[in-house]
Amino acid sequence: YPAARDRILAAAQHAGADLVTLSGDSHNAWAFDLVHGGKPAGIEIGGHSVTSPGYESYTKGISDADRVAALRHSSPQLKWANTQDRGYVTVGFTPDRVTADWHNVASIREHELKLSGSHRMTAMRGKRKYDAA
């Protein structure tokens, strides 16, 4: 829906808003800068799924690094992605920043809370884009 996307990003810029969108339908984790008219418009936080597969199920034999490099090549606003792990994202808001923490579960086959890793990204108020990763 490119026209609707353009309208919402333009409206956010016009309002001077620090737009934060939450997504998750790809089942993979990502941090995306939203740009409209060549200017920052906000950020997107893509949460991965706890158990359902994502891109990796369609690209077997390709490493996460290669998959992410290809995605970043075609979408330069993609600042970070993880297309191999399962997990969840937590988001924290303060008056000065938004912080997203992607948590990777150690196993989807066991009922435990053990994590195998995490990744953090932040966006400062008024910047409307992620800080350098």
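Trp 30 stands opposite Ala 81 in β4. Trp 30 also stands opposite Gly 46 in β3. This is a predicted model, in which local features need pLDDT of at least 70, side-chain atom pairs count only at pLDDT 80 or more, and totals for chains, interfaces and linings use all residues. Residues are numbered from 1 along each chain as its sequence is written, and side-chain values use heavy atoms, with hydrogens and water left out.

**Overall layout**

- The protein chain has two helices and seven strands. Helices (H or I, at least four residues) and strands (E, at least two) are DSSP runs, numbered from the N terminus.
- From the N terminus on, the order of elements is α-β-β-β-α-β-β-β-β.
- The radius of gyration of the protein chain is 15 Å, close to the 14 Å that the globule rule gives for 133 residues, so the chain is as compact as a globular protein of that length. This radius is taken over C-alpha atoms, and the globule rule is 2.2 Å times the number of residues to the power 0.38.
- Along the principal axes, the C-alpha atoms fill a box of roughly 45 × 30 × 25 Å.
- Of the 133 residues, 33% count as buried. Buried means under 20% relative accessible area, exposed means over 50%, and partly exposed lies in between (1.4 Å probe, protein chains only).
- Among contacts with a separation of 6 or more, 51% come from residues 24 or more positions apart. A contact means heavy atoms within 4.5 Å.

**The four-stranded sheet**

- Four strands form an open sheet in the order β1-β3-β2-β4, with mixed pairing. Two strands pair if DSSP finds at least two bridges between them.
- β1 (19-23) and β4 stand at the edges, each with a single partner strand, so one side of each has no neighbour in the sheet.
- On average, neighbouring strands of this sheet are turned by 25° against each other, direction ignored.
- Helix α1 (residues 2-15) packs on the sheet and touches β1, β2 and β3. The direction of α1 makes about 75° with that of β2. Axes are lines fitted to C-alpha atoms, for helices over the stretch in contact, and angles run from 0 to 180 degrees between N-to-C directions.

**Strand β2 and its partners**

- β2 pairs with β4 in the antiparallel sense over four bridges.
- β2 and β3 also run antiparallel, joined by seven bridges.
- The hairpin of β2 and β3 has two residues between the strands. There, Gly 37 takes a positive phi near 60°.
- β2 is mostly covered, with six of its eight residues buried.

**Nonpolar cores**

- The largest nonpolar core has eleven residues, among them Ala 29, Ala 31, Ile 43, Trp 80, Trp 102 and Tyr 130. Such a core is a set of buried Ala, Val, Leu, Ile, Met, Phe, Trp, Tyr and Cys residues joined through side-chain atoms within 4.5 Å.
- At least two residues of this core come from each of β2, β3, β6 and β7. β6 gives the most, with three residues.
- Ile 43 touches residues including Leu 19, Phe 32, Leu 34, Val 98, Ala 123 and Tyr 130, not counting residues up to four places away in sequence.
- A second, separate core has ten residues, including Ala 12, Leu 19, Leu 34 and Ala 41.

**Salt bridges**

- Side chains of opposite charge can pair when their charged atoms come close. A salt bridge is a side-chain nitrogen of Lys or Arg within 4 Å of a carboxyl oxygen of Asp or Glu. By this rule the count is four salt bridges.
- Asp 33 and Lys 79 meet in a salt bridge at 4.0 Å, N to O. Asp 33 lies in strand β2 (residues 29-36) and Lys 79 in strand β4 (residues 78-82), 46 residues apart. Asp 33 is buried, with a relative accessible area of 8%. Lys 79 is partly exposed at 29% relative accessibility.
- Arg 86 forms a salt bridge with Glu 56, with the closest N and O atoms 2.6 Å apart. Arg 86 is in the loop between β4 and β5 (87-93), and Glu 56 is in the loop between β3 (39-46) and α2 (64-74). Both Arg 86 and Glu 56 are buried.
- Arg 120 and Asp 101 meet in a salt bridge at 2.7 Å, N to O. Arg 120 is in strand β7 (residues 115-124) and Asp 101 in strand β6 (residues 97-105), 19 residues apart. Arg 120 counts as exposed at 54% relative accessibility, whereas Asp 101 counts as buried at 13%.
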